[in-house]
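Please keep the model open while reading them.

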Amino acid sequence: MIGSVRRRGNVLDIFDPQGRLIGTIGIGSRDELLGWTTDTVVVRRGRVVYHYDARGRIRATRPG
């Protein structure tokens, strides 16, 4: 379960509700964190939106 997400340079750190690091996502300087839910992190990379799970694995993509 995702509690929070923090951008640190070109990395998104994914934390559980207790504040423990549970995953990371490598991103580019122009990529944009759109938000997150309890089970998904959403990132825009150019014209594509990526949905990641709590461990940083791609679950889905869509045009953005």
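1. R45 sits over the face of Y50, and its distance from the ring centre is 5.3 Å. Bear in mind that this is a predicted model.

2. Y50 also takes part in an aromatic pair, and its partner is Y52. A pair of aromatic rings is described by the distance of the centres and the angle of the planes. For Y50 and Y52 the centres are 6.2 Å apart and the planes make an angle of 25°. The pair counts as stacked because the angle is under 30 degrees. The structure holds 1 aromatic pair.

3. Is Y52 buried or exposed? Y52 has a relative accessible area of 3%, which is under 20%, so Y52 is buried.

4. H51 belongs to strand 6, which covers residues 48-52. The side chain of H51 makes a polar contact of 3.4 Å with the side chain of R62. Setting aside neighbours within four places in sequence, H51 touches T40, V41, V42, R57, I58, R59, A60 and R62.

5. Elsewhere, 3 strands make up an open sheet with the order 1-2-3 and antiparallel pairing. Strand 1 (4-8) and strand 3 (21-26) are the edge strands, each pairing on one side only. On average, neighbouring strands of this sheet are turned by 25° against each other, direction ignored. Strands of a sheet pair through backbone hydrogen bonds, either parallel or antiparallel.

6. How many bridges link strand 2 and strand 3? Strand 2 (residues 11-15) pairs with strand 3 over 5 bridges, in the antiparallel sense. L12 stands opposite I25, a residue of strand 3.

Notes
Residues numbered from 1 in each chain as written. Predicted model: local features only at pLDDT ≥ 70, side-chain atom pairs only at ≥ 80, totals over all residues. Heavy atoms only, no water. Phe/Tyr/Trp six-rings, centres within 6.5 Å; stacked < 30°, edge-to-face > 60°. Buried < 20%, exposed > 50% of the residue type's maximum accessible area, 1.4 Å probe, protein only. Lys NZ or Arg CZ within 6 Å of the ring centre and 35° of its normal. Helix = DSSP H or I, 4+ residues; strand = E, 2+ residues; numbered from the N terminus. Polar contact = N/O pair within 3.5 Å; in protein donor to acceptor, adjacent residues only side chain to side chain. Contact = heavy atoms within 4.5 Å. Pairing = 2+ DSSP bridges. Axes fitted to C-alpha atoms, helices over the stretch in contact; angles between N-to-C directions.
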